[in-house]
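Hello,

Here is the structure I promised to pass on.

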Amino acid sequence: MAHGSTTLPAAAVATAGTGVPFVYRSIGDPAFWSTRIDRRAWVRVALHRAAAVVSLWDAAGAELVRRHGVVPERMRVIPNGVPGARLLAVTSADRGQARLALGLPAEGPVVAYVGALSGEKDLGSAIRAIGAIEGVRLVVAGDGPDEAALRAEAERAAPGRVHFLGSLDDVVPVYAAADALVLPSRTEGLPAAPIEAGLAGVPVVASAVGGIPEIVVDGVTGVLVSPGDVGALARGLRTAIAAAAQMGPAARSRCAERFELGAVAASWAQLLDAVADPGGVWPPAA
């Protein structure tokens, strides 16, 4: 099993000539991680050694076929899975308790961000959007190289309304405290945070990049915007906060159906059994 592009050449070399099949799992957006010609060449060779190639969403799989010549019959789409049992739909009482535990005011809208504090996540756009919405707070769970610059941005754009929690072992209370999750990334794969938020019944406002449109249905379970558009992000947050009572349950239903860990694990078991079966036919006939 190769997980991500850094493990791909190692798996291809280690299994060469052994007769042992390996499965490659693409975890990012192939339109971004294999743009150089020299990189494309070794990626193509290594992918052709894989017994099966798994992408996290349909468009990523199609890009691997187009860009690297992966045989379509060897492609499978299996999304990220999240255990739903620990992410229950949030009640108003839960929200108040979670805010108290995080040191947040009980009243007023709260938007959450869960992720790295790094350039590709573009948290600065979310901070500026929060600055444009009176009375809304942003709670940030995560750390990274841009933390100092983002703290300074928060003091300029939304003084006193952005709360940095650092890296947390358990982010469930952050979802419980929030009216909406924001994810303004410039590039993404199929991130766990919007799935977790959806399972908690929290609408998501996010950039329409990578696999995010597979998670967020625009206008139904949240709002999708163009990356870097602060005005659209602010409007989307206003919409999601106002419609949280409708969008939250819709988000929970969609994420439970598509991304709950049990169903995803079953798909993996089926694929790995088929690849490993010496008496079977793999890949199946087109």
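This is a predicted model: local features need pLDDT of at least 70, side-chain atom pairs count only at pLDDT 80 or more; totals for chains, interfaces and linings use all residues.

Residues are numbered from 1 along each chain as its sequence is written, and side-chain values use heavy atoms, with hydrogens and water left out.

**Whole chain**

The protein chain has 13 helices and 10 strands. Helices (H or I, at least four residues) and strands (E, at least two) are DSSP runs, numbered from the N terminus. The radius of gyration is 21 Å, close to the 19 Å that the globule rule gives for 286 residues, so the chain is as compact as a globular protein of that length. That radius is taken over C-alpha atoms, and the rule is 2.2 Å times the number of residues to the power 0.38. Along the principal axes, the C-alpha atoms fill a box of roughly 60 × 35 × 30 Å.

Of the 286 residues, 48% count as buried. Buried means under 20% relative accessible area, exposed over 50%, and partly exposed in between (1.4 Å probe, protein chains only). Take the contacts (heavy atoms within 4.5 Å) with a separation of 6 or more: residues 24 or more positions apart account for 69% of them.

An open sheet is formed by 6 strands in the order 7-6-5-8-9-10, with parallel pairing. Two strands pair if DSSP finds at least two bridges between them. Strand 7 (162-166) and strand 10 (222-225) stand at the edges; each has a single partner strand, so one side of each is left without a neighbour in the sheet. Neighbouring strands are turned by 20 degrees against each other on average, direction ignored. Axes here are lines fitted to C-alpha atoms, for helices over the stretch in contact, and angles run from 0 to 180 degrees between N-to-C directions.

Strand 9 (residues 204-207) pairs with strand 10 over 4 bridges. Val205 has Val223 in strand 10 as its bridge partner. Helix 9 (residues 192-199) lies across strand 5 (110-114), strand 8 (180-183) and strand 9, at about 170 degrees to strand 8.

**Helix 4**

Which residues of helix 4 (residues 58-68) are buried? They are Ala60, Gly61, Glu63, Leu64, Arg67 and His68. These cover an arc of only 160 degrees around the axis, which puts them on the same side of helix 4. The arc is that of the directions from the helix axis to the C-beta atoms. The face turned away carries the exposed residues Asp58, Ala59 and Arg66. Just after helix 4, Gly69 takes a positive phi of about 70 degrees.

Best wishes
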